[in-house]
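Please read the following report alongside the sequence and the model.

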Amino acid sequence: MAVFWKAVAGGLLLSLLGWRAEGQGNGRDKKEVSGGAAVYLGQDRDAWRPLIHTTVNLTEISSIKSSFQLRTFDPEGAIFYGDTKNGNDWFVLSLRDGVPLMQISKEDILVSVAGGPKLNDGKWHTLEVSNHGKFVILEVDAANGLVVGMQSKQTEEVLSGELRLALGGILIDTEKLIVQFEPQMDGCVREGSWLNLSAPWETEAEELWPCYQNVQPGSYFPGTGFAIFNTSVFPIEVDHGVTVELWGDFSKMDGTILSIKAPGQEQMLTLVANNNTKEVTLTVGKGAVRMKNTYKRLGITLQTDLIQVLQDEGESSYTTLSIRPGSHPGPLTTWREGRLAFGGLLGEGEDNVGSQFLTGCLEKIQVQGRDLDLDLAVKHMSISSHSCPA
């Protein structure tokens, strides 16, 4: 047991360091990267696929302590994975509901433990994982976060072979996890430290995306993709309709902020920011309303036969614009069978290939008064669901 945790803890140290954004080829169509810089964990890839990974011989492990810094606004996602015996014994560190979650499989033991402080506050936190006999300890900012005790009735064996390490994903079937979670983490790691491990890490990415120096809460759209929801998942209040509210600096947005469309129909509603004209245009059917982009909050309410727009002009002052959809089916009819997109213009067909993508930050999105998590959408992974550059 001690050997296993010595390996995993030592590997955790190596893995969660920061890595250089540049790498060199190794002749196997993979880039080799080393420690030294911060790395963005939410880089575009298959959601469960590790961002970087390495394999080392257990004989090379001499450290029982690993430390790194983590910064995120995201409440959920995979941080680090390590295993031996080709995945039969494994360790996963993630966040769920903002707090650390450790899951461990060792011979006949399966353990899951979550707790400690919430870490998704956008600040850098120092995490340290270490092994003390039969206990695995996670410290957060030099204070105990989680302590896991494990003791097997099986005869402890001296492990040999290889240790696999991965950052930002896992290398086992997700069905083996005791607690399921959404894997993609909009966050950064940096300043890890380790002992006696110098093997390079590998990545399939052409280059690793850097971390922004400063971030703020929100969803960032870099102008390359959008997020789509089926509107049927959102409830309709017959008397009040459906309300979508957006917060952000609209003067710094450019492109399609919002679009609503049902299959086989024309666009029912689009909201487009134009940085050149300093206007935001709301188009409903054949009609359009142009508004100055100086506001910070916009509410759109769809009712049976009209659409209302609440535009703030101060802390508590709103201008209401009522728009009738004309020949287009009623807004709520389209909503019941349509799709809602943030950051792009919905296209035709099942693939919904879009256009006119948004560049900018939506600081908060609410539908029916509830915060919307873009990780629950079908979206292009270039979108940062929980953070924007500040």
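Is the link of Cys188 and Cys211 left-handed or right-handed about the S-S bond? With -120° about that bond, the link of Cys188 and Cys211 is left-handed. The pair links distant parts of the chain, since Cys188 sits in strand β14 and Cys211 in the loop between β15 (201-203) and β16 (215-217), 23 residues apart.

This is a predicted model, in which local features need pLDDT of at least 70 and side-chain atom pairs count only at pLDDT 80 or more, whereas totals for chains, interfaces and linings use all residues. Residues are numbered from 1 along each chain as its sequence is written, and side-chain values use heavy atoms, with hydrogens and water left out.

**Overall fold**

The protein chain contains 2 helices and 32 strands, where helices (H or I, at least four residues) and strands (E, at least two) are DSSP runs numbered from the N terminus. Of the 390 residues in the chain, 53% are buried; buried means under 20% relative accessible area, exposed over 50%, and partly exposed in between, with a 1.4 Å probe and protein chains only. The chain exposes about 17,400 Å², of which carbon and sulfur atoms supply 47%, the areas coming from the Shrake-Rupley method with a 1.4 Å probe and, for residues, with only the protein chains shown counting as cover. Among contacts between residues at least 6 apart in sequence, 70% join residues at least 24 apart, a contact being heavy atoms within 4.5 Å.

**Disulfides**

A disulfide is taken to be a pair of cysteine sulfur atoms within 2.5 Å, and by this rule the count comes to 2 disulfides. When the bonded cysteines are numbered in sequence order, the pairing is 1-2, 3-4.

| Disulfide | Sulfur to sulfur distance |
|---|---|
| Cys188 and Cys211 | 2.0 Å |
| Cys361 and Cys388 | 2.1 Å |

For Cys361 and Cys388, the torsion about the S-S bond is about 85°, so this disulfide is right-handed. This pair also links distant parts of the chain, with Cys361 in strand β28 (residues 359-362) and Cys388 in strand β32 (residues 387-389), 27 residues apart. Cys361 counts as buried because its relative accessibility is 14%, and Cys388 is buried with a relative accessible area of 1%. Cys188 and Cys211 are buried as well.

**The cavity**

The structure holds 1 cavity of 30 Å³ or more, and about 70 Å³ of space lies in the largest cavity. On a 1 Å grid over the protein atoms alone, a cavity is a set of points where a 1.4 Å probe fits but cannot get out, and lining residues have an atom within 4 Å of a point; grid points are joined across faces, edges and corners, and a volume is the space filled by probe spheres set on the points. Both Cys188 and Cys211 are in the lining, together with Tyr40, Arg71, Thr72, Phe73, Asp186, Gly187, Tyr212, Val215 and Ser387. Strands β5 (65-72) and β14 (187-193) each supply at least two residues of this lining. By class, the lining has 6 nonpolar, 3 polar and 2 charged residues, with Ala, Val, Leu, Ile, Met, Phe, Trp, Tyr, Cys and Pro counted as nonpolar, Asp, Glu, Lys and Arg as charged, and the others, Gly among them, as polar.

Asp97 has a positive phi of about 55° although it is not a glycine, and it lies in the loop between β7 (89-96) and β8 (99-106). At 51% relative accessibility, Asp97 counts as exposed. Gln368, which is likewise not a glycine, has a positive phi near 55° and is found in the loop between β29 (364-367) and β30 (370-371).

Val92 is placed in strand β7 and counts as buried, with a relative accessibility of 1%. Leaving aside neighbours within four places in sequence, Val92 is in contact with Phe80, Tyr81, Leu101, Met102, Gln103, Ile170, Leu177 and Phe181. Although Val92 and Ile170 are 78 residues apart in sequence, their C-alpha atoms are 7.5 Å apart in space.

Thr270 lies in strand β21 (residues 269-274) and counts as buried at 9% relative accessibility. With neighbours within four places in sequence again left aside, Thr270 is in contact with Leu258, Ser259, Thr281, Leu282, Thr283 and Leu345.

Note on methods:
1 Å grid on protein atoms, 1.4 Å probe; cavity = no way out; pocket = protein on both sides within 12 Å on 5 of 7 lines; lining within 4 Å.
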